[in-house]
Amino acid sequence: MSDTTIKPRIEKAPVLERITTALPIALVPVLAVLGFVAIGDPAAWLTLTVAGLAMGLMIFIMASGLTVVFGLMDVINFGHGAFISVGAFVGFSILIWLGGWTASSSVFLNLAAVFLAILVSMVATGLMGYAFERVIVMPVYGQHLKQILVTMGGLIVAQQLIHVFWGPDEIHVARPESLRGSIVIGEAAIEKYRLVAVGIGVALFLAMRHVLKSTKIGLLVRAGVENGEMVEALGYRIRRLFLIVFMVGSALAGLGGVMWGLYQETITAHMGSEIMVLVFIVVIIGGLGSVEGCFIGALLVGLLSNYTAFLAPKVALVSTIALMVIILMWRPQGLYPVVKAK
Amino acid sequence: MKEPLLTLSGVHTHIGPYHILQGVDLVVPKGGVSVLLGRNGAGKTTTLRTIMGLWQASEGTILFEGQDITKLPTPEISRAGIAFVPEDMGIFTDLTVAENMTLAAARGPLDPDRLEWIKTLFPPIRTFWESSAGTLSGGQKQMLSVARAIIEPRKLILIDEPTKGLAPAIIKAMSDALLELKETDTTILLVEQNFSMASAVGDTVSVMDDGHIVHAGEMAELAGDARMQERLMGLSLEAHQ
Ligand SMILES: Nc1ncnc2c1ncn2[C@@H]1O[C@H](COP(=O)(O)OP(=O)(O)OP(=O)(O)O)[C@@H](O)[C@H]1O
Ligand SMILES: [Mg+2]
């Protein structure tokens, strides 16, 4: 067999491919520039941009698990918000319990308290994800309508359980000392906590990318999103892989819940289902199953929400829905359509 | 008759409301290439998918090396030593050729000697090692799909129409590769509509129609008997030459 008979005609494809891959990424700076033009005031713009990135990254953390869960097993989990709420409540319980540390002026004790709160909450929501997958999701593989009903049922049960354990009222917790206040750059005041949220979000995105691109389990996830049957035919138990992904996704939702709670300094049993509107928008904009798309979608939604909240508060939520409609008109499968071979 | 490696007895498969396989009896002897022929829609792909556990047989048994694999989940069937090259090739287009191969080596790291042999068998695997598998041509994807199936030693490989839509030169390359593969102790069950290819590589042959096996015997016998070919497969063979 000689190479000449099978010369590929791919010389041109990569360039085009690179352009179409890069286009969605360019939307983020484009939106930032548009925001700058519309807002006019550099200080206000900087504050809003950091706020938008922080919000977007927190949504990304909550949404990333959901999109992979959908991509891998075609499971629509309307109960995902439960992990956000439970994560927030567990995390806040730890913060209240460690009240001495959070009130202390030691940065180390402050951060240790937050770290512990996040850790415990992620373990708790990860385990809850295990139970949720085994009991609620597993019996309804491949049946979308039942998935919607059953996972919504799971969400309601989880919300009621929060009321049972923590009572019906919302809970307030002030952020630890060192995460309060702002840094002033020129005339712009940037909340410290938002910078922390941006840092965690970016670090997490990079870590996820690394896992997906360079580890065997990441390869399996990407392969499974495209063609689960073939992954099984190669000898891998995709259900087990899915369970792991489901648990990780749940734990990330829990992390997002703690971070969002610290951002608002108030948590309720319904916070998860409220944020889920934005989470679903982000997942749809990004392309169901795509982590990269989810990341870009989250940044776009975060920025746009903050810009419009400043420019025209009444249209804030409408604007994100309009963004989704526009993007779907451009790319009906989302920014990064995931190839499905089913 | 050589000892059987795979035996299907009275296998029925339903897909939703449709009764597709209606009592398939098929024996794949150990060693060599067994060809499964039949017109479009006869149930060849369904047979391979049922063996692989991707469809569940509703009745009948599938024995592999004497072990009942009828109810085993697909990953277990794969681990028992059966590889599958599906009709649509099942390439992970989002991954590189290298990553496709890495995943195919499910039981450990890539064996460098074996990989070298595969790269000689299918040169594009070497040329496009770091390329995204989605950019490969149809023939190259087909080679990758077969390469994945043989990256680890297998007892049985199920290959579904590897020459579909390929140019003659690549068909030749593919059948050369299968002939070489035959020399290893791998058994191949090949679904093929291209009769010249099928008769070139096949040792035994079974012909399917309407969810049944309607003929089983030596390939040489069928290849030498034009009237039998005519009777068993009608015009479908010429149409695919
Ligand atoms: N997913 C499915 N749902 C419903 N019917 C199916 C499905 N897959 C196959 N069939 C039907 O089962 C029958 C056998 O199909 P199968 O794919 O096994 O045929 P084949 O012999 O492989 O044909 P070809 O040569 O065209 O590949 C056909 O009538 C087909 O329409
Ligand atoms: Mg077929």
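Predicted model: local features only at pLDDT ≥ 70, side-chain atom pairs only at ≥ 80, totals over all residues.
## The open sheet of chain B

Let's start with chain B, where 4 strands make an open sheet in the order 2-1-4-5, with antiparallel pairing. Strand 2 (18-29) and strand 5 (67-68) of chain B stand at its edges, and each has a single partner strand, so one side of each is left without a neighbour in the sheet.

Further in, strand 1 (residues 4-15) and strand 4 (residues 57-64) of chain B pair in the antiparallel sense over 6 bridges. To see this pairing on your screen, find Leu6(B): its bridge partner in strand 4 of chain B is Phe64(B). Helix 1 (residues 44-51) of chain B lies across strand 1, strand 2 and strand 4 of chain B, and runs at about 110° to strand 1 of chain B.

## A strand covered on both faces

Next comes strand 6 (residues 82-85) of chain B, which is covered on both faces. Ile82(B) and Phe84(B) are buried on one side, while Ala83(B) and Val85(B) are buried on the other.

Strand 6 of chain B pairs with strand 7 (residues 156-160) of chain B in the parallel sense, over 4 bridges. Here Phe84(B) has Leu158(B), in strand 7 of chain B, as its bridge partner.

## Aromatic rings in chain A

Over all chains, a search of the whole structure finds 14 aromatic pairs. In one of them, the ring centres of Phe83(A) and Phe132(A) are 5.3 Å apart and the planes stand at 70°, so the pair is edge-to-face; the cut-off for that name is over 60 degrees. Phe83(A) lies in helix 3 (residues 80-97) of chain A and Phe132(A) in helix 5 (residues 107-137) of chain A, so the pair ties together parts that are 49 residues apart in sequence.

Are Phe83(A) and Phe132(A) buried or exposed? Both are buried. They also belong to one aromatic cluster, together with Tyr141(A), Phe242(A) and Phe246(A).

## Charges over rings in chain B

Rings can have charged neighbours too. The charged end of Lys119(B) sits over the ring of Trp129(B), 4.3 Å from the ring's centre. In another example, the ring of Phe92(B) has the charged end of Arg148(B) over it, 5.0 Å from the centre.

## The magnesium ion

Which residues coordinate the magnesium ion (ligand 2)? They are Thr45(B), through OG1, and Glu87(B), through OE, at 1.9 to 2.6 Å. This pair links distant parts of the chain: Thr45(B) is in helix 1 of chain B, and Glu87(B) is in the loop between strand 6 and helix 3 (97-104) of chain B, 42 residues apart.

Thr45(B) counts as partly exposed because its relative accessibility is 23%. Glu87(B), at 27% relative accessibility, also counts as partly exposed.

## Two positive phi angles

Now for the backbone. Most residues other than glycine have a negative phi. Asp74(A) has a positive value, with phi near 60°. Asp74(A) lies in the loop between helix 2 (42-73) and helix 3 of chain A, and its relative accessible area of 25% makes it partly exposed.

You can find Glu65(B) in the loop between strand 4 and strand 5 of chain B. With a relative accessible area of 40%, Glu65(B) is partly exposed.

Terms used: Residues numbered from 1 in each chain as written. Chains lettered and ligands numbered in written order. Heavy atoms only, no water. Pairing = 2+ DSSP bridges. Contact = heavy atoms within 4.5 Å. Axes fitted to C-alpha atoms, helices over the stretch in contact; angles between N-to-C directions. Buried < 20%, exposed > 50% of the residue type's maximum accessible area, 1.4 Å probe, protein only. Phe/Tyr/Trp six-rings, centres within 6.5 Å; stacked < 30°, edge-to-face > 60°. Lys NZ or Arg CZ within 6 Å of the ring centre and 35° of its normal. Donors = N, O, S within 2.8 Å, 3.2 Å for Na, K, Ca; no water.
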